[in-house]
Amino acid sequence: MPLIEIKEVSKVYSLGGAPLNALDKISLEIGRGEFVAIMGPSGSGKSTFMNMLGCLDRPTSGKYILEGVDVSGLDRDELALIRNQKLGFVFQGFNLLSRTSALENVELPLVYSGVPAGQRHERARQSLKTVGLENRLHHHPNQLSGGQQQRVAIARALINDAPIILADEPTGNLDSKTSREIMDLFVRLNTQREITIILVTHESDIAAYSKRVIRFLDGQIVNDGPGGNNA
Amino acid sequence: MINLPSAIKVSARALSVNKMRSALTMLGIIIGVAAVIAMLSVGAGARRQISEQIAGMGSNLIIVLPGGATSGGARMGAGTLPTLSMSDADAILKEAGAVEEVAPILSGIAQVVWGHRNWSTNVLGTTPGILVVRDWPLESGRPFTDQDVKTSTKVCLVGKTIVDNLFEGADPVGQIIRIKNVPFTIIGTLAPKGQSAIGQDQDDTILVPVTTAQKKLFGTTFPGMVRIIMVKAKSGDDLPAAEKQTNDILRQRHHIGPKQDNDFTVRNLTQMMQTAEQAANVMTLLLGAIASVSLLVGGIGIMNIMLVSVTERTREIGIRMAVGARSWDIRTQFLIEALTLSLIGGILGILIGVGGSTALSAIAGWPTLVSALSLILAFCFSGIVGIFFGFYPAYKASLLDPIDALRYE
């Protein structure tokens, strides 16, 4: 059974009057442990696709089956539970809570799954250790570099042991050296922990870290082939 | 789902980030609650004062005064005619069904002497019924009896002021004092009653049997004449009936024709006081209503700030939703923030309100009464204000679209 199964999924926006097909009957499967890069020019539908994969948005038609469960018909709160349990998010702009320590930022998903405070701290500490920030537990985001902030975000994505991490241009705000470090971290998580990683990027050298590259254009998949990391 | 301690912690942090703003928002509630407490306590104080005066006077009380004499066309005012008698009082007690007890009174000012001390006081000649009519218990000793009245015994009951001035507080029962040079044995002391509604010292009084007063103290031209008859109705509901029956009996006894004016006056004091009490109630309600308006304004302030806060923290809400916060979690967080503002404001408002009303009674001398009920009411009301005005912003936050919220700059 594939981890992710997308069947004829469409997303239609009706802005003003003319309907806009952001996604046009897309079908694909992503297996456990894959490292997928999604590429395409802006307006190609890749962001819409990521939002849908991330259960932030629902398809207009078609089916999205995640670990054997059809999530395309779930309501807001049910989707929130899926995001909490099965998905980790990493954003271009980090999206950490300001005035909140790294530890507490990482704890956030556990807060909403009702884990008691003591247990939260311990797991957040472990998670930050995984990304190499065990010495920055009580730093606030404004006291951390961009790379460190993105590591905190990755630690947050890891904390619920979600099988999938969705990363939307995770290196977009980072310099090339830090970008490489972050990508190495993703590769390590993918190979050592078998976490499925799906990331959106513009840059082919970032896509080169992946095992599979999917290209979008005008709401459709135009290319689905191996990436540069299949050695 | 978020657990309550975590939700409270998150809300507390959000409030502490903008301390000045939180404090100013709270100020609206503080002023509102303080005003409600202070106003209610002023109203309750006024009402208690009136209630005490009513209780002091004796409840369900009717006073019958003689009519005025007309001398050469000039009417002389109430009480100038000796038209009321002991037998009038007996008739009222016997015939009026709504009347519980009567007390005829013949009073006057007299000099009282004990040892080398003397004191000028109000001496009331009356019957044992006075103690019932005026709800006047004894502090010590025994009351005089109908037998004392019948035989004109020289016994008396003395008020607290007499005890203080002649006996310096010592128990005077058994002592003999001279009233207008007539020796009277003190057989009991009256419980203190304090000031009357018009500021008269009600304890500056000596009670003697009415017949003794007539014969030995205030010799009257007409035997059996009394100055006032006090009538106590069986209950508050019986007051109007008692008033009418008294009126009818006296008209009949005094042979007053259908078109002639009364030669006496019947006054219902309790009713007058009850009117005053109702006025105090209305005043309390009015003051409370005006104060509630400021609480309402405070609530609108909370709503305003919460709406601003939701907009400012759209991105934060988006992040929380992305990692799994449900609508309920977001709503709870903002509701707790609003509730915290209003409840802390409520507690501070209560403290300031209680302090303010204490200061009012200390400085301005107003009678104030802070009741536990008004405190609980004000606290609950501030909580309700918090939930009511916090709900819309919280609801708005919970309905944000996570994608839009995450993109919000």
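**Strands, interface and a helix**

Author: In this predicted model, A:S10 has A:S61 of β4(A) standing opposite.

Reader: How many bridges join β1 of chain A to β4 of chain A?

Author: Strand β1 of chain A covers residues 4-14, and β4 of chain A covers residues 61-66. The two strands run antiparallel. The number of bridges that join them is 5.

Reader: Which strands of chain A are the edge strands of the sheet?

Author: The open sheet has 4 strands with antiparallel pairing, in the order β2-β1-β4-β5 of chain A. An edge strand here pairs on one side only. The edge strands are therefore those that pair in this way: β2 (19-30) and β5 (69-70) of chain A.

Reader: What area do chain A and chain B bury between them?

Author: The size of an interface is often given as the accessible area lost when the parts come together. The contact takes 28 residues from chain A and 27 residues from chain B. Of the buried area, 53% lies on carbon and sulfur atoms. The area that chain A and chain B bury between them is about 2300 Å².

Reader: Which three residues supply more of the area that chain A buries against chain B than any other three?

Author: The share in question is 30% of the area that chain A buries against chain B. The three residues that supply it are A:R76, A:N95 and A:Y112.

Reader: Which residue of chain B meets A:E104 in a salt bridge?

Author: Between chain A and chain B the count is 2 salt bridges. In one of these, the N to O distance to the side chain of A:E104 is 3.7 Å, and a salt bridge requires a distance within 4 Å. The partner of A:E104 is B:K9.

Reader: Which element gives the largest share of the side of chain A that touches chain B?

Author: The rule finds 11 residue pairs in polar contact across this interface. Two elements of chain A give two or more residues to the side that touches chain B, namely α2 (76-86) and α3 (102-111). The largest share is 6 residues, and the element that gives it is α2(A).

Reader: How many residues of helix α10 of chain B are buried?

Author: Helix α10 of chain B spans residues 314-322 and is mostly covered. Among its buried residues are B:T314, B:I317 and B:A322. The helix is followed by B:G324, whose phi is positive, near 120°. Of the 9 residues of α10(B), the number buried is 8.

Key: Residues numbered from 1 in each chain as written. Chains lettered and ligands numbered in written order. Predicted model: local features only at pLDDT ≥ 70, side-chain atom pairs only at ≥ 80, totals over all residues. Heavy atoms only, no water. Contact = heavy atoms within 4.5 Å. Buried area = accessible area lost by both parts, 1.4 Å probe. Polar contact = N/O pair within 3.5 Å; in protein donor to acceptor, adjacent residues only side chain to side chain. Buried < 20%, exposed > 50% of the residue type's maximum accessible area, 1.4 Å probe, protein only.
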